[in-house]
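Q: I have a model open and would like to learn how to read it. Where do we begin?

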Amino acid sequence: MPCFKQPKHFQSLVLLHWPLSYLGIFWILQPLAVYLLFTSWWPLPALYFAWFLLDWKTPEKGGRRSAWVRNWCAWTHIRDYFPISILKTKDISPEHNYLMGVHPHGLLTFGAFCNFCTEATGFSKIFPGITPHLATLSWFFKIPFIRDYLMAKGVCSVSQPAIDYLLSHGTGNLVGIVVGGVGEALQSVPNTTTLILQKRKGFVRMALQNGAHLVPTYTFGETEVYDQVLFHKDSCMYKFQSYFRRMFGFYFCIFYGRGFRQGSIGLLPYPLPIVTVVGEPLPLPKIEKPSQEMVDKYHALYMKALTKLFDQHKTQYGCPETQKLLFL
């Protein structure tokens, strides 16, 4: 089991799961709202659901972010627990729009969440004039209350209309896509650097269509904060995981970390440093209908830039000199 430090405050352990706790609260609000429809309080949920229908297209038209939500003090406790930080290697000009590849997915994507969905690590000060968005599964934005919580943090739908809108309206927008997707979660085990990227080229095509620059990033430590139980591809459990993925859009992973007491096992992640290194933007031309050859060309350049970024910083953040990125 990895070594870890004892958190300074018990409060840090509790607040660590606040993002999940808030999601739980918003899930509870849905049956509560339905219940209120049959009480004297019925106008409140009725008004919300009417507004919900009128507001249906907002997630695909830039969303509705909230500086107040992004600055909640809970996010600083999450940042300090590991700790989480972001490293800028090159300036990013607000005169362009950017499509950022987020690697690796990890199990709960702590690094991308804290760095791009909150101001806990000072994104706006590090990258002035840049507005970050992190793309996630589209069906989240069809769920009442959940959609509002996600949009407030700057999360957007991973659908093409939503991303195209952000990359074609104004400048200074940066959209992060976890390219490996949920499939990469099964690769999230300590001491591995395996990315599902070899055949993932849709994000390059979208960047070309909008003339957006590609930005490689790599989050060191993301795969180290949990241990995961892996199953053989012929096992019943692996088949169940695949079925669950087809039904719900993400994998049912069995993982564990530390408990509330020193040396115990639980669902809290190991408090190990997580550092997101943001690489140099790769300029792309704007091509309305890029050929497959053009997509392949810039995809290869992106993988080369990502490999270079990883190799330049791997020893600084705990990887051995011989460690290589493996593309599946």
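A: Begin with secondary structure: the chain has twelve helices and twelve strands. Helices (H or I, at least four residues) and strands (E, at least two) are DSSP runs, numbered from the N terminus. This is a predicted model, in which local features need pLDDT of at least 70 and side-chain atom pairs count only at pLDDT 80 or more, while totals for chains, interfaces and linings use all residues. Residues are numbered from 1 along each chain as its sequence is written, and side-chain values use heavy atoms, with hydrogens and water left out.

Q: What radius of gyration does the chain have, and what would a compact globule have?

A: The radius is taken over C-alpha atoms, and the globule rule is 2.2 Å times the number of residues to the power 0.38. For 328 residues the rule gives a value near 20 Å, and the chain has 20 Å, which agrees. Along the principal axes, the C-alpha atoms fill a box of roughly 65 × 55 × 45 Å.

Q: How many of the residues of the chain count as buried?

A: Buried means under 20% relative accessible area, exposed over 50%, and partly exposed in between (1.4 Å probe, protein chains only). Of the 328 residues, 51% count as buried. The chain exposes about 16100 Å² (Shrake-Rupley method, 1.4 Å probe), and carbon and sulfur atoms supply 63% of that area.

Q: What do the contacts in the chain join?

A: A contact means heavy atoms within 4.5 Å. Among contacts between residues at least 6 apart in sequence, 78% join residues at least 24 apart.

Q: Which residues does V69 touch?

A: V69 lies in helix α4 (residues 67–70). Leaving out residues up to four places away in sequence, V69 touches W75, A152 and K153. V69 and E119 are 50 residues apart in sequence, and their C-alpha atoms are 9.3 Å apart in space.

Q: Is V69 buried or exposed?

A: V69 counts as buried because its relative accessibility is 7%.

Q: How many disulfides does the structure hold?

A: A disulfide is a pair of cysteine sulfur atoms within 2.5 Å. The structure holds zero disulfides. C117 is in none, and its nearest cysteine sulfur, that of C156, is 9.2 Å away. C156 is likewise in no disulfide, with the sulfur of C117 as its nearest.

Q: Are C117 and C156 buried or exposed?

A: C117 is buried, with a relative accessible area of 2%. C156 is buried too, at 4%.
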